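This report describes the architecture of a protein assembly, from the overall fold of one chain to the surfaces through which its parts meet. The sequence and coordinates are shown below.

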Amino acid sequence: MGNTLEEHIKRTRQLLECGEVAMVIGYERGSVENRRRATFVKEVSELERMVLDGLCCENLANYLVREELLRSFDGKKVAIFLTTAGVRSVNILAAEGQINPDCVIILGFEAEKPGELDSAIKMLDGEHVDHYADSIQQLKSRGFVNDRAQVIVKLEMMSAEERFAFWREQFSRCVKCYACRQVCPMCYCRRCIVDCNQPQWINASAHDLGNLEWNLVRAFHLAGRCVGCGNCERACPAGIPLMLLNQRMAQEVLKEFNHFAGESSTQLPVLADFKKDDPETFIL
Amino acid sequence: MTKEFEPKIVAFVCTYCTYAGADLAGTSRLKYAPNVRIVKLPCTGRISPMFILKALQKGADGVLISGCHPGDCHFTSGNLHARRRWTVFRSLLNFVGIPDERIWVSWISAAEGNKFAEIINEMTEKLKTLGPFEPYKTLIRDIESPAEI
């Protein structure tokens with residue numbers, strides 16, 4: 001447990017050597033210079049291909065629920081490089097019964113300028129999700145003050161017709177590749193709603209109606225569960241601003257139910273819970 | 001002579017309160033707009049957002065979701081789950097441009113036959129002034145009509 005990169009790497013070597021972890025999930029160089037991708041290290045000799053810099057943006061928590069990978073954990077723990085958003089993902093997955101948080105050893109880090117190669121990297125203390133409770137509370141109290149919030153405000157000032165036209169135009173580029181679903185740690189359903197065809201709720205074809213339905217439903221299924229890691233928006237080949245939808249939902253559940261996704265590994269999912277005095281301003 | 005626009009309303013209601021309330025409106029011979037198509041479910045907790053999407057997909061101009069008052073749910077807490085769900089889903093629909101005025105949610109008990117009739121009449125009037133849900137109708141037409149070369 002250290003707070004320099006060298007100490008993190010030393011720790012991964014230690015964990016692999018003593019056999020406490022079956023693998024270390026981190027980043028390696030991608031196919032071109034400015035890309036990084038996930039890497040799965042099982043032997044100490046493979047550690048040299050790991051990198052950690054500002055281009056390491058992907059939320060790796062996604063891999064903790066990939067079944068092909070889970071089989072190779074072999075009863076041992078797994079060490080994984082995660083930002084605070086990733087730690088929140090682990091909390092949600094644990095709360096939803098998908099993983100055991102005691103089997104995850106966290107190598108925490110944050111980039112000062114995510115997306116930029118020369119960004120400084122700060123290592124975080126704490127190998128278990130519980131150690132991040134305070135920093136997650138701090139994130140919660142900061143709320144959603146960012147560029148996206150400004151765009152959301154602008155959208156809400158438009159009329160419903162204008163908003164519909166905006167989103168119809170955005171979704172018209174969707175090709176239903178489902179990359180957004182694939183990279184999301186929260187999309188772990190073995191049979192996605194869009195795969196159901198008896199009855200078929202969502203048109204699977206890539207036309208405007210089906211695209212609207214898919215993106216709408218995915219945003220709803222992520223309400224109160226999205227940690228804002230941005231995997232989906234980065235993965236989208238059509239450049240759809242998915243995070244606008246997801247952040248709007250995160251803002252909604254925070255405002256209405258004081259719910260912030262991933263606070264702890266025992267937090268009840270927001271739509272699986274209720275309070276006697278939940279707000280109901282619009283109900284007749 | 002042009003026909004006046006008649007909105008199509010789909011109402012998803014719970015069996016033990018709102019459906020019984022609608023029944024009471026019927027047996028009391030209350031007049032209410034015939035524009036509503038009622039879908040009976042055991043509880044509002046069972047109403048999935050997919051149903052609303054399906055209704056819109058099939059050409060509904062407005063959707064009503066109605067059930068027991070909080071505290072009176074036949075299944076104890078189904079409507080309390082529904083309350084959270086509709087808060088979130090309605091705000092999402094509104095954000096995407098499906099306006100609040102087309103998605104109505106109410107608590108109507110088995111004794112409130114009058115309230116049921118009133119809400120249906122109010123909703124029908126409001127939707128008549130709003131007009132058909134054109135943006136969605138163009139989406140549907142675009143995929144159902146044959147391609148033009």
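Of the contacts in chain A with a separation of 6 or more, what percentage is accounted for by residues 24 or more positions apart? In this predicted model, such residues account for 68% of those contacts.

**Overall fold of chain A**

Chain A contains 10 helices and 5 strands. Its radius of gyration is 20 Å, close to the 19 Å given by the globule rule for 284 residues, so chain A is as compact as a globular protein of that length. Along the principal axes, the C-alpha atoms of chain A fill a box of roughly 60 × 45 × 40 Å. Of the 284 residues, 37% count as buried.

**The sheet**

In chain A, 5 strands form an open sheet with mixed pairing, in the order β2-β1-β3-β4-β5. Its edges are β2 (36-41) and β5 (121-123) of chain A, each of which pairs on one side only. On average, neighbouring strands of this sheet are turned by 25 degrees against each other, direction ignored. Strands β1 (residues 21-29) and β3 (residues 77-82) of chain A run parallel and are joined by 4 bridges. A:V21 has A:K77 in β3(A) as its bridge partner. Helix α3(A) packs on the sheet, where it touches β3 and β4 (104-111) of chain A, and the direction of α3(A) makes about 150 degrees with that of β4(A).

The domain assignment divides chain A into domain 1 (5-142) and domain 2 (147-272). The centres of these two domains of chain A, taken over C-alpha atoms, are separated by 25 Å. Their contact takes 22 residues from domain 1 of chain A and 20 residues from domain 2 of chain A. On the domain 1 side, α3 (84-95) and α4 (133-142) of chain A each supply at least two residues; the largest share, 9 residues, comes from α3(A).

Between the chains, 30 residues of chain A are in contact with 30 residues of chain B. The elements giving two or more residues to the chain A side are α6 (160-171), α8 (208-221) and α10 (242-257) of chain A. Here α8(A) provides the largest share, 7 residues.

Technical notes: Residues numbered from 1 in each chain as written. Chains lettered and ligands numbered in written order. Predicted model: local features only at pLDDT ≥ 70, side-chain atom pairs only at ≥ 80, totals over all residues. Domains from an automatic or database assignment. Contact = placed C-beta atoms within 7 Å. Rg over C-alpha atoms; globule rule 2.2 N^0.38 Å. Buried ≥ 20, exposed ≤ 12 C-beta atoms within 10 Å, placed from the backbone. Pairing = 2+ DSSP bridges. Axes fitted to C-alpha atoms, helices over the stretch in contact; angles between N-to-C directions.
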